[in-house]
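Morning, everyone. I will take a few minutes to go through how two chains meet in one model. Please have the structure open while I talk.

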Amino acid sequence: MANYLIKRILMLIPLLLGITLITFTVIHLAPGEPVEMQTAMSPKVSAQSRARLREFYGLDKPLHVQYGKWLGNLSRLDFGRSFAPDNRPVLDKIKERIPITISLNVIALILEFGLALPIGILAAVHRDTLLDRAISVFVFVGFAVPTFWLALLCMYFFGVKLSWLPISGIHSLGSEQLPFFGRVLDLGKHLVLPIAIATFGSLAGLSRYMRSTMIEVLSQDYITTARAKGVKERVVIYRHALKNALLPVITLLGFSLPALIGGSVIFETIFSIPGMGQLFYQGVMARDYPLVMGILVIGACLTLIGNLLADLSYALADPRIRHGKG
Amino acid sequence: MIPLRRLLLLVLLTLTACSQGAPADRAGSRGPGANGSSFVTGSIGEPSTLIPTLATDTSSSDIAGLVYNGLVRYDKNLKLEGDLAESWEVSPDGLQITFHLRRGVKWHDGKDFTSRDVLYTYRVTVDPKTPTAYAEDFKQVQSAQAPDAYTFKVRYAKPFAPALASWGMNILPAHLLEGRDITKSPLARSPIGTGPYIFKEWIPGQRLILEANPNYWEGKPRLSRYVYRIIPDSSTMYMELKAGGVDMMGLSPVQYQRQTNTKEFLARFNKYRYPASAYTYLGYNLRLPMFQDARVRRAITCAINKEEIIQGVLLGMGQIAHGPYKPGTWAYKAKVENDPGYDPARAQALLREAGYVMGADGILTKDGKPLSFTILTNQGNDQRLKAAQIIQMRLKRVGIDVKIRVVEWASFLTNFIDKGKFEAVLLGWTISQDPDLFDVWHSSKTGPKELNFINYKNPELDRLIVEGRGTFDMEKRRDCYYRIQEILAKDQPYTFLYVPDALPVVSSRIKGIEPAPAGIMHNFIKWYVE
């Protein structure tokens, strides 16, 4: 097991290098440069100022030199400075946006699993009944309705018409003066709509997945045996079947790890949430290479770690895998 | 099955939303910030840096404009007036400008503002190590001196009229920046200026807060707090406006014309409308033989109904453009000779004259080649796309085949404009306050990445442009620009389409707003809440 673990971890290094090399190349292949995006079509900018800006960002050097320099910095955990006019360290920009993104995603993830799993089980147990169909309709509606449209409707209804909930942002103006409890309440109110809509939209995938694995498990021989023994249906479902049906879900949970720092651009834009999705989008549109690379590296690390964790926990949960590979 | 279910839900949700149309009590819906004498405005973008020399985006200049001052500024009638300079003189030969600085002006940290700050700002702007986009105007300066604390002199190699306006650039505090690396200065995130508002706080991605400067030389601004909220989506911003979360925003033509005419809305908000400093145009690549014939360009302009475009694209919220200037400004000539109006019959006559004959498929041809071209425009601008479609329909009627291609901005610039690989473009320019046209129209500006990318070369126009920027005499300058507008109307290197209207809306609790040619923000420090 220890050998396996070390091997897996060592494998991560070339993998990560490969990922950075490919992404670095691809983003430089896209037409346009940071300088271009800042100065294009501006009558005030001469060729010299443009050259001066390119030199300032180091864009006048060949691509492999730029990559080498970037990689050298990265090995010292320095993500470099943003190519936006503010020229701030990339890490600062990421740090100020990561807490809200992670909190939102964690809450949404807990809600998603908390709702989707029972819904899926319910649908599987009452397979092909009216309840099953009603659930299908409900989750697919969430999946199919465009987020921005639903968000705007909800904002209009709960924010403008009823004035129950704030419309956008994550704090009210002047919330700094509120006592701690008031601030938390204020934040909570701001998060109700985004989290509710995000969760509604993501129920379909997981609940359908849960439903199908559950149906599969329920048709196994040992379930028939359990039922034949006269075990109560509740025990059959929740003790015998559920344990096995949950196994593949662990993998899904592992895959969700990188998604924790990612955010949806449309979603964050609509609700004015200063999260990672917006930051990344702006970075790409402005060709802010260090910022884009920084976010991608963090995302790549989390994906790799997530996969590793999923494999490991799977091995822990399933003796067949543990003993088979050792 | 799914689409049907989805449709049903759409109907249900829409009904729910509509049935709640009863007027609710508005008092409860005000956001906690939108009261007192705070003023909340919304912006799609977030400022990048608050050192204006380094910034290129409008959000940054929105904030910098309240925190800093320049030596001069444009008044409400778009005439230059003194700001940090109390007065100035131009030497009779037009080569030297002497600014007499205002005394008693203090930086927000209490230090005195002096000519040293002006000299520093000039030096850092032309310093090759500073990554700024604004060095160009100041490279014309031959020497700059500060003979005493309240006098600043600049000398130019030749008379340069746009020079005066260039000193409207924001003056930076020398005592906090001199001898330090400006790109790493903390002022980028917490600026210190001389302006009417003092920077207080910046919550990244959410808002910036400014507070009224009690020692401002024009008097303390009446609105005590200025909150700049970052709301990246304009539909969301409109919801915030209606819920009382922002006091001001710019409306789209649809919002202005169709969604904000209820009695209830008009009681809570005041809408304003004035021409924006921008125009939209159809530009022809003059490297192509097809467009080298001025008759063809004039024919296209005759075939296009500009009024119809304004109705269709802007719902009437704009006016016809004849040339590169904003209607009502001093350089703008209202009646231009030779300006081709909408006249499809004349368009057809011109094309016949140019040697085109109607083919069997309804497309004009000359020497076997059909008169056909592609209009290129950038992605993300719906108005431009719609304008292109209306033009396509009109040109089809006179026998010109038009295709439309929409391309992402970065690719638009690098793959098409920079390489001169386009036939016609539908784009817009902002109209600068100074009427100098050198960068966009002079024949020396046709190189790669330069702005005369349509390759328009007219020696007479070149001469007039140089003459216009080489004198401070307003009468002489105006004559030059009038003549330029006549030449452009005759040549039609662009078909100038329209000047859109700016459509700001402000909460009616804010008083003291005076619309003027410069817009509404010119007297912002006098706005107040009753």
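**Where chain A meets chain B**

Start with one pair: Arg287(A) and Glu408(B) make a salt bridge, with their closest N and O atoms 3.6 Å apart. Keep in mind that this is a predicted model. Between chain A and chain B the count is 2 salt bridges. Residue pairs in polar contact between these chains number 8, where both residues have pLDDT 80 or more.

Which elements of chain A give two or more residues to the side that touches chain B? They are H2 (34-39), H3 (47-57), H7 (130-144), H8 (147-161), H12 (265-271) and H13 (276-285), each a helix of chain A. The largest share, 10 residues, comes from H8(A). By residue type, this side of chain A splits into 29 nonpolar, 16 polar and 12 charged.

Now the whole contact. Chain A puts in 57 residues and chain B puts in 72 residues. Interface size is often stated as the accessible area that is lost when the parts come together. Here chain A and chain B bury about 5500 Å² between them, and 63% of that is on carbon and sulfur atoms.

Last, confidence. The scores for the model are ipTM 0.81 and pTM 0.83. For chain B the average pLDDT is 89, with 93% of the residues scoring at least 70. Residues 1-35 of chain B have pLDDT below 50, and in the model this stretch makes 42 contacts beyond near neighbours in sequence.

Note on methods
Residues numbered from 1 in each chain as written. Chains lettered and ligands numbered in written order. Predicted model: local features only at pLDDT ≥ 70, side-chain atom pairs only at ≥ 80, totals over all residues. Heavy atoms only, no water. Contact = heavy atoms within 4.5 Å. Buried area = accessible area lost by both parts, 1.4 Å probe. Salt bridge = Lys/Arg side-chain N within 4 Å of Asp/Glu carboxyl O. Polar contact = N/O pair within 3.5 Å; in protein donor to acceptor, adjacent residues only side chain to side chain. Helix = DSSP H or I, 4+ residues; strand = E, 2+ residues; numbered from the N terminus. Nonpolar A, V, L, I, M, F, W, Y, C, P; charged D, E, K, R; others polar. pLDDT = per-residue confidence, 0-100.
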